[in-house]
Amino acid sequence: MNEVVRQFDNTGTVTLANSTTTTTVSNPKVASTSKILLQPRTSAAASENAWISSISAGSFVITHASATTTRTFDYVVFAV
């Protein structure tokens with residue numbers, strides 16, 4: 001039962017950093033073998049061409065265009 005509960009404690013929200021092309025997200029649930037899924041929460045995020053460029057223990061990096069709009073995503077970490 002505890003393994004099932006832990007699988008649902010693996011979500012978060014991130015707003016992309018302005019005026020830069022990468023945003024690092026720290027989350028202790030992330031392992032180097034995790035899969036990260038992004039879901040846009042703002043219209044600016046929906047039109048953003050963002051991708052996960054690296055994953056390591058405890059964090060992942062989103063690469064994106066440099067902008068000054070609010071681009072917020074929800075994320076889910078699988079294989080925690």
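What follows is a set of questions and answers on sheets, salt bridges and single residues.

Tutor: This is a predicted model, in which local features need pLDDT of at least 70 and side-chain atom pairs count only at pLDDT 80 or more, while totals for chains, interfaces and linings use all residues. Residues are numbered from 1 along each chain as its sequence is written, and side-chain values use heavy atoms, with hydrogens and water left out.

Student: In what order do the strands of the sheet that holds S5 stand?
Tutor: Strands here are DSSP runs of E with at least two residues, helices are runs of H or I with at least four, and both are numbered from the N terminus; two strands pair if DSSP finds at least two bridges between them. Strand S2 (22–26) and strand S4 (51–56) are the edge strands, each pairing on one side only, and S4 pairs with strand S5 (residues 59–63) in the antiparallel sense over 5 bridges. The sheet is open, its pairing is antiparallel, and the order of its 3 strands is S2-S5-S4.

Student: Which residue in S5 stands opposite Trp51?
Tutor: The pairing to look at is the antiparallel one between S4 and S5. In S5, the residue opposite Trp51 is Thr63.

Student: By how many degrees does the twist average from one strand to the next in the sheet S1-S6-S3?
Tutor: This open sheet of 3 strands pairs in the antiparallel sense, with strand S1 (11–15) and strand S3 (35–40) at its edges. Axes are lines fitted to C-alpha atoms, for helices over the stretch in contact, and angles run from 0 to 180 degrees between N-to-C directions. From one strand to the next, the twist averages 30 degrees.

Student: Which residue forms a salt bridge with Asp74?
Tutor: A salt bridge requires a side-chain nitrogen of Lys or Arg within 4 Å of a carboxyl oxygen of Asp or Glu, and the structure holds 2 of them. For Asp74, the closest N and O atoms of the pair are 3.0 Å apart. Asp74 lies in strand S6 and its partner in the loop between S3 and helix H2 (43–46), so the pair ties together parts that are 33 residues apart in sequence. That partner is Arg41.

Student: Is Arg71 buried or exposed?
Tutor: Buried means under 20% relative accessible area, exposed over 50%, and partly exposed in between, with a 1.4 Å probe and protein chains only. Arg71 sits in the loop between S5 and S6, and contact, meaning heavy atoms within 4.5 Å, links Arg71 to residues including Val14, Thr42 and His64. Because its relative accessibility is 1%, Arg71 counts as buried.

Student: Which side chain meets that of Arg71 in a salt bridge?
Tutor: The N to O distance of this salt bridge is 3.0 Å. The partner of Arg71 lies in the loop between H2 and S4, so the pair ties together parts that are 23 residues apart in sequence. With a relative accessible area of 16%, this partner is buried, and the residue in question is Glu48.

Student: How far apart in space are Phe78 and Ile36, C-alpha to C-alpha?
Tutor: Phe78 is found in strand S6 (residues 72–78), and Ile36 stands opposite Val77 in S6. S3 and S6 pair in the antiparallel sense over 6 bridges. Although Phe78 and Ile36 are 42 residues apart in sequence, the C-alpha to C-alpha distance between them is 6.3 Å.

How values were computed: Lists of a residue's contacts leave out its neighbours within four places in sequence.
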